[in-house]
Amino acid sequence: MWSWVKPKKTYSSVFLYSCIAVSLLTLVFTMFLSRQFAQSAMDEINKSNQEKMNQVVKTSEFTLQKLRQFALRIYSDENIALWINMSENDYSPLSLNKAADSVREFMSSEPFIDGIYLFNFSLGQIYTSDSSIYTIQDFDDQAMLNYIKSQKTPYLQFVNHEVKDESHLALVVPAAGPNQNYHGFVAILFSKPLLNEHMLQISEEDHNKFFIEGKNKEFILGNTDAALTEALIETDKPQAAEQGWKWESGNETWSIQTAQLPIEGWKVYHLSPISLWQAKITKIRTEIIGSSIILLFALLLFLFWQSYRSLKPISDLAFQLQIKLGKKHPMEQTANANNEIQWIHSGFHLLVEQIEQLDLSIKSSKALVKEDFLRQWIFNSKASGPVEAFIRSETKILQTGSFRMAVVRLESYGRFKECYDFASRKLLRYALGNIMVEVLANHGFDAETADFSSDHLVVLISSPASGEDSAPVIEAMEEVRAQIRRWLKLELHAAVSSVLHMEDNVHTVYTLMYELTLIGFIYNEDRVFTSEDLERYQLGEDSKLDEDLLKQVIYSVHLKNDKALKSYLDDLTLHMQALSYEECKLQLTHIIYSIMKSFKNYKTFQGMKSIHTFLEQFATIGEVNSWLYGELLQIMDQHRKKNASSRKDEVAAEMIEYVRNHLHNSMLSVDDIAAHVSISVNYARQIFKESFECSLSDYITNQRIEYAIKLLTTTDWTVADITEQSGFQTKSTFYSLFKRATGMTPNQYRTENTQDKT
């Protein structure tokens with residue numbers, strides 16, 4: 001049946017299958033997206049309501065505590081205290097005037113206050129904020145008098161109080177009745193509308209409701225109507241009400257969050273109408289589905305046009321291949337004789353095979369082995385016998401017995417990483433190495449490069465027997481910088497060592513040369529540096545900085561802990577106030593230099609040509625501290641803005657390359673790898689575990705074991721040489737890990753695999 005319906009032409013069948021696939025995928029994706037949106041929207045609304053509830057609780061606690069303190073200030077005011085505690089024997093009309101002035105002053109300074117009562121039971125008088133004075137019998141707010149006489153609470157407590165059909169929140173100071181030997185009291189009436197607006201943040205446009213319930217289940221504050229309030233008070237609340245719950249009242253369903261005001265013993269309810277959310281969510285879901293249908297029709301039209309325009313030439317190409325290959329081709333005898341794609345596949349099969357053979361030949365090239373051995377030599381300080389023999393036979397840098405080492409570092413490496421992805425950076429470093437070798441060859445030097453998958457490359461340069469004069473090498477390296485700037489648009493810093501020999505510790509020289517490439521950043525010098533510059537490059541040797549504290553500063557940035565960062569920075573710069581200007585400047589240079597090295601993958605500090613010159617624009621240590629704190633916060637923000645999911649594969653690939661290029665370094669650690677990709681150690685482990693389903697430490701060990709197996713089966717090196725070249729620190733560690741992985745000792749493995757091959 002399908003054979004009758006199936007189109008004969010390739011572009012028609014492709015269009016039909018594409019329509020079915022796109023329609024199904026669009027349908028599934030639309031339903032999934034709308035459902036996820038609805039769930040996400042509800043979660044975000046609940047989260048937003050909970051956050052608003054928490055904010056209201058904090059604001060309420062703060063406001064009520066502030067009003068208590070204000071009430072105590074009123075009670076302890078000298079003029080007010082004098083009048084409310086005055087007896088008939090020392091009565092003075094002037095004291096009442098002073099108390100009245102103080103009352104008016106407090107009324108004007110606190111907008112929440114509607115009224116203030118001053119009670120003097122010794123005189124039998126009551127003064128109110130509307131400048132009226134009453135006797136105990138004539139006072140029109142007898143409810144307040146009864147409350148003062150009956151109150152027994154040991155602390156200041158807010159209560160509901162109605163005066164002239166208007167409800168207030170009242171507070172009496174002190175919190176004890178006159179029967180406890182207090183003759184003077186201050187009663188303060190607070191405005192409930194203002195408390196609703198500022199404390200509960202209630203606005204007229206907000207459809208949400210707030211309700212504060214007292215200890216006796218009475219209405220305290222809120223914007224709920226009487227019917228809703230009464231229904232909520234009488235309903236049975238769930239035991240886990242703090243987690244949020246749903247409540248139906250009439251025709252409305254409410255989402256309710258509950259919190260406690262512990263000092264008052266009040267409960268705060270936040271009510272949000274679910275129907276309002278659902279209406280908005282349903283509207284957006286409908287828009288999503290409608291948009292998806294329109295998009296589907298647009299995609300189908302595009303697919304038809306694209307199939308006709310792009311796939312029709314395939315039929316013509318298949319027809320030409322049939323003619324070219326002839327009727328004797330094996331395809332004519334198979335069931336796919338009429339399949340156009342199969343004819344094209346068969347026609348290009350030979351070309352694919354040739355490309356695969358070429359790719360295999362490139363991978364097996366000696367150039368990769370040579371670069372790997374050069375990295376081993378640099379990491380292990382001195383070359384082992386097999387490595388030295390290979391370098392002497394396959395390179396020309398040791399023909400005279402001496403050579404020089406140059407380190408070339410990319411300026412603004414953080415900006416370089418942002419502009420190019422992982423593959424592009426690797427290709428550019430490869431091009432950079434080729435240009436260096438070619439330029440040095442034009443100056444008469446044989447050279448080999450080693451890429452460390454970081455911000456720098458190492459160049460080993462042959463040196464003539466009488467090669468003490470460094471001027472030709474420096475001139476050649478200056479030409480290298482000029483050509484790189486011209487062709488690759490990259491800025492370089494370079495440092496060249498003095499003449500070295502095979503027995504010298506090249507790892508120490510490599511470390512010093514890399515440090516020298518940073519002189520330009522510190523002293524604003526744009527040239528090729530040499531070993532002679534080491535005498536004046538002693539940054540931090542005389543510094544009395546707390547290096548552990550400086551490490552904590554850097555670690556706080558990795559953890560994105562801005563409070564700890566501020567504290568550590570302040571501690572770090574505190575002792576500098578007693579130093580001379582030059583000593584202070586030296587220590588600040590050391591701090592900025594160390595931070596710049598730790599965060600070289602970020603562009604925050606890049607573009608600064610000289611630390612010394614840059615520090616001259618600040619007048620105080622505090623200004624430097626504030627500037628440095630701001631720059632480090634920017635690094636935190638840059639790190640937060642990076643999308644971890646989109647970078648995960650690239651970061652994992654970069655970690656893999658770094659491990660392979662530094663496998664021979666016995667001191668390689670997870671900290672080094674995490675610092676290279678500018679993420680925390682824990683996050684580096686997490687990314688690697690998710691990408692490769694094994695820990696980063698186990699991967700390093702497995703790679704070393706695999707490399708050792710390769711050397712055992714392809715070379716006649718001694719086990720000691722293989723241990724060193726594989727990056728193991730001791731032979732016992734190598735034996736233990738190798739036997740755990742293979743079940744045999746290295747010698748047993750070599751013997752067994754050698755016999756199998758013979």
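Me: What do strand 7 and strand 8 form, and which residue in the turn has a positive phi?
Reply: Strand 7 and strand 8 form a hairpin with 5 residues between them, and K217 in the turn has a positive phi of about 60°. The model is predicted, with local features needing pLDDT of at least 70 and side-chain atom pairs counting only at pLDDT 80 or more, while totals for chains, interfaces and linings use all residues. Residues are numbered from 1 along each chain as its sequence is written, and side-chain values use heavy atoms, with hydrogens and water left out.

Me: Which other strand is joined to strand 7, and by how many bridges?
Reply: Strand 11 (residues 266–273) runs antiparallel to strand 7, with 5 bridges between them. F210 has H270 as its bridge partner in strand 11.

Me: Why is strand 7 called largely enclosed?
Reply: Buried means under 20% relative accessible area, exposed over 50%, and partly exposed in between (1.4 Å probe, protein chains only). Of the 5 residues of strand 7 (residues 209–213), 4 are buried, so the strand is largely enclosed by the rest of the structure.

Me: Why does S497 count as buried?
Reply: The relative accessibility of S497 is 3%, so S497 counts as buried. S497 is found in the loop between strand 15 (492–496) and strand 16 (500–501). Leaving aside residues up to four places away in sequence, S497 touches R404, M405, V509, M513 and S531, where contact means heavy atoms within 4.5 Å.

Me: What puts the buried residues of helix 4 on the same side?
Reply: S95, L96, A99, A100, S102, V103 and F106 are buried in helix 4. They cover an arc of only 165° around the axis, which puts them on the same side of helix 4; the arc is that of the directions from the helix axis to the C-beta atoms. On the other side of helix 4, P93, E105 and S108 are exposed.

Methods. Helix = DSSP H or I, 4+ residues; strand = E, 2+ residues; numbered from the N terminus. Pairing = 2+ DSSP bridges.
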